[in-house]
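Here's a two-chain model to pick apart.

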Amino acid sequence: MSDEQDEMHEMHEMDEMIESIAARLRPLPRVDSAAKARVLVAVAAERERDRERLARRSRVVRWAGVGVLAAAMAFSAFVLGRDRGAATVTPTAVQTAAAPAADGRPGATSVTLARDVDGSSALQPVQLVFRAPAAKRVSVVGDFTGWDPTKAVMSRDSGSGLWSVSLALPPGRHVYAFLVDDSVWVRDPRAVAAPDADFGRPGSVLLVGRP
Amino acid sequence: MTPPLRLVSQSAVSPSPSTEAIGAESRSLIIHAARGGDVRAFATLVDMYYARCLRFALHMLSSRADAEEAVQDTFVRVYRALPTYREQDSFEPWLFRILGNRCRTAGAKERRHAEFIEYGEVPERSTVARHDSAIAWREEIDLALRSLPEEQREAFLMRHVEGMSYDDMSVATGAGLSALKMRVKRACDALRLRLTEVDGV
């Protein structure tokens with residue numbers, strides 16, 4: 001467009017009716033806090049997938065490294081004719097944090113952990129309990145659900161106002177929180193706060209032990 | 001007795017900072033931190049831009065659920081793409097480019113669904129009497145806006161509602177300046193023509 005056309009264009013744009021239309025469209029809409037919370041949950045899930053991808057890649061690299069090392073050791077043993085005893089690697093035991101049972105105070109939560117009897121890598125049964133008599137829906141979000149609020153929805157006991165869910169988790173450290181009514185993110189007050197909680201939302205640490 | 005939700009984080013209850021309330025320098029620092037992987041900074045970015053993104057998506061799409069989904073997809077894609085974002089570029093046109101793409105994808109899905117409904121059960125139009133002239137005028141504006149071709153609607157909203165410059169619009173849409181000016185002009189002409197026919201204007 002030429003300068004003259006530009007000028008006419010600007011004048012054409014700025015009339016009263018267009019300004020009146022735009023003024024009606026400009027107010028910001030009401031924001032549903034649950035929808036906004038879902039954005040952060042979706043981004044946290046994406047972040048978790050990134051971590052998993054990185055961990056997978058790192059495992060592949062580590063195993064590749066172990067393969068090269070094993071080949072080198074076998075070659076050395078063959079060349080030197082030495083017979084060496086194999087070192088046994090024992091997995092480091094992870095201390096289980098079992099919070100006390102719910103004591104009846106509103107908001108009190110508990111984590112009870114029943115240990116499995118076989119296999120150090122087997123999934124361990126974990127029960128999470130959360131007290132929220134006024135809530136309509138509570139779910140657990142954590143790295144073990146990919147921060148998806150639909151994967152660990154808690155059941156309500158109508159008499160006590162307690163919400164609970166039973167999960168099977170792999171041994172190790174997990175970060176989790178409760179999502180109340182799809183909008184309010186609450187950390188477990190009876191567990192250790194996670195310093196690396198996702199997206200500025202509070203989180204707690206759950207250590208699942210090996211038998 | 002302590003209420004059950006006493007442990008809600010500050011960020012969950014504090015009012016959202018708007019883009020106007022945060023200065024350009026602070027905004028740059030927040031974007032820089034988010035780009036470096038600071039999750040709290042990313043949550044602040046969501047707080048800053050969610051309402052504006054939702055406003056744009058609500059005007060581009062016909063259902064609130066679709067608009068919220070488009071905004072959610074936008075932030076997930078922003079998160080994925082932040083490492084490739086060049087900080088010397090303006091953030092808002094970059095964000096609106098992703099948002100515009102998500103709205104176009106969702107709009108195409110809505111149109112396919114509408115075609116399906118047309119051959120099935122036709123939903124009834126609202127027959128509620130329009131007593132409030134302000135509401136009626138707002139509804140007429142919405143109808144007029146929806147009658148515009150998608151590209152014109154997008155250009156009109158970016159220019160007159162989001163207040164973007166033509167240069168930023170060019171980054172956001174990938175279209176040239178002349179094409180964008182033409183789209184805005186045609187959108188204005190069509191809105192003017194349609195709305196002058198409405199009573200009370």
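**Labels and their cut-offs**

The axes of helix H7 (residues 150-161) of chain B and helix H9 of chain B come within 8 Å and cross at roughly 95 degrees. This is a predicted model, where local features need pLDDT of at least 70 and side-chain atom pairs count only at pLDDT 80 or more, while totals for chains, interfaces and linings use all residues. Residues are numbered from 1 along each chain as its sequence is written, and chains are lettered from A and ligands numbered from 1 in the order in which they are written.

Q: Why are H7(B) and H9(B) called roughly perpendicular to each other?
A: Angles under 35 degrees count as roughly parallel, over 145 as roughly antiparallel, 65 to 115 as roughly perpendicular and the rest as oblique. The axes here cross at roughly 95 degrees, so H7(B) and H9(B) are roughly perpendicular. For the record, axes are lines fitted to C-alpha atoms, for helices over the stretch in contact, and angles run from 0 to 180 degrees between N-to-C directions. Helices themselves are DSSP runs (H or I, at least four residues), as are strands (E, at least two), numbered from the N terminus.

Q: Which residues make the contact of H7(B) with H9(B)?
A: From H7(B) come B:Glu151, B:Gln152, B:Arg153, B:Ala155, B:Phe156 and B:Arg159, and from H9(B) come B:Leu180, B:Arg183, B:Val184, B:Arg186 and B:Ala187. Being in contact takes C-beta atoms, placed from the backbone, that lie within 7 Å. By class that gives five nonpolar, one polar and five charged residues.

Q: Which residues of H6(B) meet which residues of H9(B)?
A: B:Glu140, B:Ile141 and B:Ala144 in H6(B) meet B:Leu191, B:Arg194 and B:Leu195 in H9(B). Sorted by class, this contact has four nonpolar, no polar and two charged residues.

Q: Why does B:Leu58 count as buried?
A: A residue is buried if 20 or more other C-beta atoms lie within 10 Å of its own, exposed if 12 or fewer, and partly exposed in between, with C-beta atoms placed from the backbone. B:Leu58 has 20 other C-beta atoms within 10 Å, so it is buried. This leucine sits in helix H3 (residues 39-60) of chain B. Leaving out residues up to four places away in sequence, B:Leu58 touches A:Pro29, B:Arg64 and B:Ala67.

Q: How do you know that the buried residues of H8(B) line one face of the helix?
A: In helix H8 (residues 166-173) of chain B, the buried residues are B:Met169, B:Ala172 and B:Thr173. Seen down the axis of H8(B), they fall within an arc of 80 degrees, so they line one face. That arc is the one spanned by the directions from the helix axis to the C-beta atoms. An α-helix has 3.6 residues a turn, so residues three or four places apart point the same way.

Q: Why is A:Asp188 called buried?
A: A:Asp188 has 26 C-beta neighbours inside 10 Å, so it counts as buried. It is found in the loop between strand S7 (184-186) and strand S8 (204-208) of chain A. A:Asp188 and A:Ala177 are 11 residues apart along the chain, with their C-alpha atoms separated by 6.1 Å.

Q: What about A:Ala194: buried or exposed?
A: Buried, because A:Ala194 has 22 C-beta neighbours inside 10 Å. A:Ala194 also lies in the loop between S7 and S8 of chain A. Among the residues it touches are A:Val175 and A:Gly203.

Q: Why does A:Asp181 count as partly exposed?
A: A:Asp181 has 16 C-beta neighbours inside 10 Å, which puts it in the in-between class. A:Asp181 lies in the loop between strand S6 (172-180) and S7 of chain A. Its phi is positive, about 50 degrees, although it is not a glycine. Most residues other than glycine have a negative phi.

Key:
Two residues are in contact if their C-beta atoms, placed from the backbone, lie within 7 Å. Ala, Val, Leu, Ile, Met, Phe, Trp, Tyr, Cys and Pro count as nonpolar, Asp, Glu, Lys and Arg as charged, and the others, Gly among them, as polar.
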